[in-house]
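Visitor: I'd like to go through this model with you, one piece at a time. Shall we start with a strand and then move on to the helices?

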Amino acid sequence: MGDARLLVRVALLAVVLAACGSSGSGTGSSSGGGGGGSSSGGSDPNAAARQQCVQIINMYRGTVKSAPLSENTGQESCVDGEAQGDATSGTPHSAFGKCGESAQDECPMWPGPPSSIMTNCLAQMWAEGPPPQGQDNHWLNMENPQYTQVACGFYQDAQGTWWATQDFW
């Protein structure tokens, strides 16, 4: 019964993704847009995308019975900075570890808006599936039952593309 429900969910997700179209240059992290903004004060233009990011990751985690992650709002500004650093260097994951995270996924150089990045990029990462024994990948970071928190950051570079980073603790 559970397998049938999982297959239905995956099929529905595939239909949604096909309708939306998928774009981007691969999997990656997120960062804040043009100066970012933190949910910990003032108006955060990326607040809805941050919440969507956490909800989507938790939806996928639920399919493998991993507990939901809590949104680490205190680290969102830092993760925005990691995304900005990666965009500035042009190298995904170059700022990894600056926020004390245990793992990081990144969606580099994606067209916006951030909400479409979260839907499409996270789907691509989850579709990687379990890696071979002893290897790491984005799916494993998203699924890992040892992680309890995630912060999603965003940054829009000078070319107008977005970098989206997901840090896990």
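Visitor: How many residues of strand β4 are buried?
Guide: Strand β4, residues 162–168, is mostly covered, with 7 of its 7 residues buried, where buried means under 20% relative accessible area with a 1.4 Å probe and protein chains only. Strands here are DSSP E runs of at least two residues, and helices are H or I runs of at least four, numbered from the N terminus. This is a predicted model, in which local features need pLDDT of at least 70 and side-chain atom pairs pLDDT 80 or more, while totals for chains, interfaces and linings use all residues. Residues are numbered from 1 along each chain as its sequence is written, and side-chain values use heavy atoms, leaving out hydrogens and water.

Visitor: Which residues of β4 lie on each side?
Guide: Trp162, Ala164, Gln166 and Phe168 are on one side, and Trp163, Thr165 and Asp167 are on the other.

Visitor: Which way do β2 and β4 run?
Guide: Strand β2, residues 103–110, runs antiparallel to β4 and is joined to it by 6 bridges, pairing being counted when DSSP finds at least two bridges. Glutamine 104 stands opposite aspartate 167 in β4. Strand β3, residues 149–156, is also antiparallel to β4, with 7 bridges, and cysteine 152 has glutamine 166 as its bridge partner in β4.

Visitor: Switching topic, which residues of α2 meet α4?
Guide: Among them are Ala49, Ile56 and Tyr60 in α2, which meet residues including Met118, Leu122 and Trp126 in α4, contact meaning heavy atoms within 4.5 Å.

Methods:
Buried means under 20% relative accessible area, exposed over 50%, partly exposed in between (1.4 Å probe, protein chains only).
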